[in-house]
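Here is a short report for a first look at this structure. The sequence and model come first, then the notes.

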Amino acid sequence: MKKNKNILKTSYLIEIADCTVMPQGYAAVAENLKDFMGMNMLVDVGNGIMNIMYLNNGRPIESKSWTEKLGVNQCFIRIQNHIMDTTGVKLPEEIINQFLCKCEIDVSSKYQNMVKEIAEQYVRELFDKLRDYEYNEDLMKLYVMGGGAKSRAKGELDMLEEMTYKEVDGLLYPQIEMPDETEDLTKLGKYGRMAMNYLKENEPARYKTLMRFGKMYEKMSAVEEEANQLYDQLEMQYLAKHKPQNPSSTMEMWKIREQAKMQAEEVVLNQIVMRFH
């Protein structure tokens, strides 16, 4: 194809010998394709659209590249419309943008809950769309970039882990090396290990996501801290309520302490450890 082009008052005849059209997001990983071993789904969630592309052993599959009108702006509009329809209040754009970037806004719990509800619906729809294009967490790795990668909420939105970027010549390139947490995981205590094993057996997709993005130790450490705090609180409450009839009886005191431990641990396991994280 030949075309005349005038640049800075100088005419040029440009001949394009060949052209390959790839979806947005490809340019950001083009220099790191060798690091995408196995089957990978690359998702670029922009403001207006979401681009999806498969990479197999570093090679883009042109026949498996799609664009969907499911960008972050769709979530923004839904939140604003829902608040207006429900309360008659127009939520300022700055507040919605802050939530989409940081998942925290300084408003009443009433508005926080409504915003989170719509955001969670949006992300569920996003993942449903990825599954329409045969996304399977057991068969491939998922890489999410673009502004939408910064969105956060409960449930599947947590799976959109924010990638870190490196700036080179003014352009941002995603850092796709996944950290090895093997050594850190050995530092987990009792409840952290139990919570991790629970995910492995009952929530395998979540378990693989946390491991893949190097978030397992961080998440399980938080679970362990919460579990220990609740355990100590419940044990102290039980001991304060159940005094030994004979304070000098070592056996009676031991039995009360054991009962306190059993009841505290039962609550901790049910309310904190044995659930989705």
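Helices (H or I, at least four residues) and strands (E, at least two) are DSSP runs, numbered from the N terminus. This is a predicted model, where local features need pLDDT of at least 70, side-chain atom pairs count only at pLDDT 80 or more, and totals for chains, interfaces and linings use all residues. Residues are numbered from 1 along each chain as its sequence is written, and side-chain values use heavy atoms, without hydrogens and water.

**Ser 65**

Ser 65 lies in strand 5 (residues 59-68). Its relative accessibility is 21%, so Ser 65 counts as partly exposed (buried is under 20%, exposed over 50%, partly exposed in between, with a 1.4 Å probe and protein chains only).

| Pair | Distance |
|---|---|
| Ser 65 C-alpha to Leu 42 C-alpha | 9.5 Å |
| Ser 65 side-chain polar atom to Ile 61 backbone oxygen | 3.3 Å |

Ser 65 and Leu 42 are 23 residues apart in sequence.

**The cores**

A nonpolar core is a set of buried Ala, Val, Leu, Ile, Met, Phe, Trp, Tyr and Cys residues joined through side-chain atoms within 4.5 Å. The largest has 32 residues. Met 41, Ile 79 and Leu 130 touch the most other members. Helix 4 gives the most to this core, with 10 residues. Beyond its neighbours within four places in sequence, Ile 79 is in contact (heavy atoms within 4.5 Å) with Leu 91, Ile 96, Leu 100, Val 115 and Ile 118. A second, separate core has 19 residues, including Leu 199 and Met 216.

Key:
Polar contact = N/O pair within 3.5 Å; in protein donor to acceptor, adjacent residues only side chain to side chain.
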